[in-house]
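Let's take a friendly walk through a protein model together. Have a look at the picture first, and then read on.

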Amino acid sequence: MSWIIGAVCAIAVSAAAYWKRSLSLSGMAAAAVMGTVYFGAGNLFWFGILLLFFISSSAFSKLKASRKQEAEKSYAKSGTRDAGQVLANGGLGMAACIGNALWPHPGWAMFFIGAMASVTADTWATEWGSLSRKPPRSILSGQRIAPGTSGGVSLLGSFAALAGAVIIGGAAWLLALWSGLEGYTELPLLGWIIIGGLSGFAGAMLDSYMGATLQSMYRCTVCGRSVEVPKHCGENTVPLRGWGWMNNDMVNMISSLAAGIIALALGSWLL
Ligand SMILES: [Zn+2]
């Protein structure tokens, strides 16, 4: 029964997101499958966190959309998320959800909160940070870089990262109470906030650091800008730095994996 409820809810939300152009066709399919698993193999705790991440991120990406358009030309991808992005953000959470269904243990939920706090923090930071009036600074050199460039940090973006991570921790507390998550209802709100806030913020910073170092960057031979896309201004770009396979999705997933492990460690220490 929970699989059917999950499927109905997941398809409704994904279709609405496709309609709003927050998801591409492949993104919609991936999100529908993912939501179904989160509810079917999990429960409201898992599904609610996914929904909070998804709805807040989609809403923030619509903020001042015109000002973001310029920056988005240099992103690997636009505000319309495809299957790769959906999996990079929610794939680890889905794995933890399935793991918990097969071998129930509270550690899965802790790992999950860290992973989701990280992707939420990172997305909020990107969306709010791009609204900053001053261009971001490189996390490595501290020099001003073009808005939207991976590896850039701003005060507004960092604040957004912390806010997103803390919100996921707070929501986890509420959803754990609602769904009667065994073994976790005794963890107080502050505990959840510390776990979500610290792991998520650390994940977002790692994401920026990897974005400035390992992530593949290219230079456009026409306009001369550093971009994350293999094609710009209608021409092929040339490699600038980073590892070829280390794209934005890969950086996202590795950071959320690290955040999940941090949350797991914090959770076992606090409980
Ligand atoms: Zn160009």
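L190 counts as exposed because its relative accessibility is 58%, where exposed means over 50% relative accessible area, buried under 20% and partly exposed in between (1.4 Å probe, protein chains only). This is a predicted model, in which local features need pLDDT of at least 70, side-chain atom pairs count only at pLDDT 80 or more, and totals for chains, interfaces and linings use all residues. Residues are numbered from 1 along each chain as its sequence is written, and side-chain values use heavy atoms, with hydrogens and water left out.

L190 sits in helix α8. Together with I194, L198, W269 and L270, L190 forms a nonpolar patch on the surface, with about 540 Å² of accessible area in total. Two elements, α8 (189–213) and α9 (248–270), each give two or more residues to this patch. The largest share, 3 residues, comes from α8.

Now for the metal site. The zinc ion is held at 2.0 to 2.3 Å by C220 (SG), C223 (SG), H232 (ND1) and C233 (SG). Along the chain, these donors follow the spacing C-x2-C-x8-H-C. C220 and C233 lie 13 residues apart, and the pair links distant parts of the chain. Here is how these two cysteines compare:

What is the arrangement of the 4 donor atoms around the zinc ion? It is tetrahedral, because the donor atoms subtend angles of 104 to 114°; four donors count as tetrahedral if all angles lie between 85 and 135 degrees. Ideal angles for four tetrahedral donors are 109.5 degrees.

Key
Patches are made of residues with over 30% relative accessible area and no salt bridge: like charges are joined within 9 Å, nonpolar side chains (Val, Leu, Ile, Met, Phe, Trp, Tyr) within 5 Å. Accessible areas come from the Shrake-Rupley method with a 1.4 Å probe; for residues, only the protein chains shown count as cover. A salt bridge is a side-chain nitrogen of Lys or Arg within 4 Å of a carboxyl oxygen of Asp or Glu. Helices (H or I, at least four residues) and strands (E, at least two) are DSSP runs, numbered from the N terminus. Donors are N, O and S atoms within 2.8 Å of the metal (3.2 Å for Na, K and Ca); water is not among the atoms, so sites may look incomplete. Four donors count as tetrahedral if all angles lie between 85 and 135 degrees; four count as square planar and six as octahedral if opposite donors are over 155 degrees apart and all others between 65 and 115; anything else is irregular.
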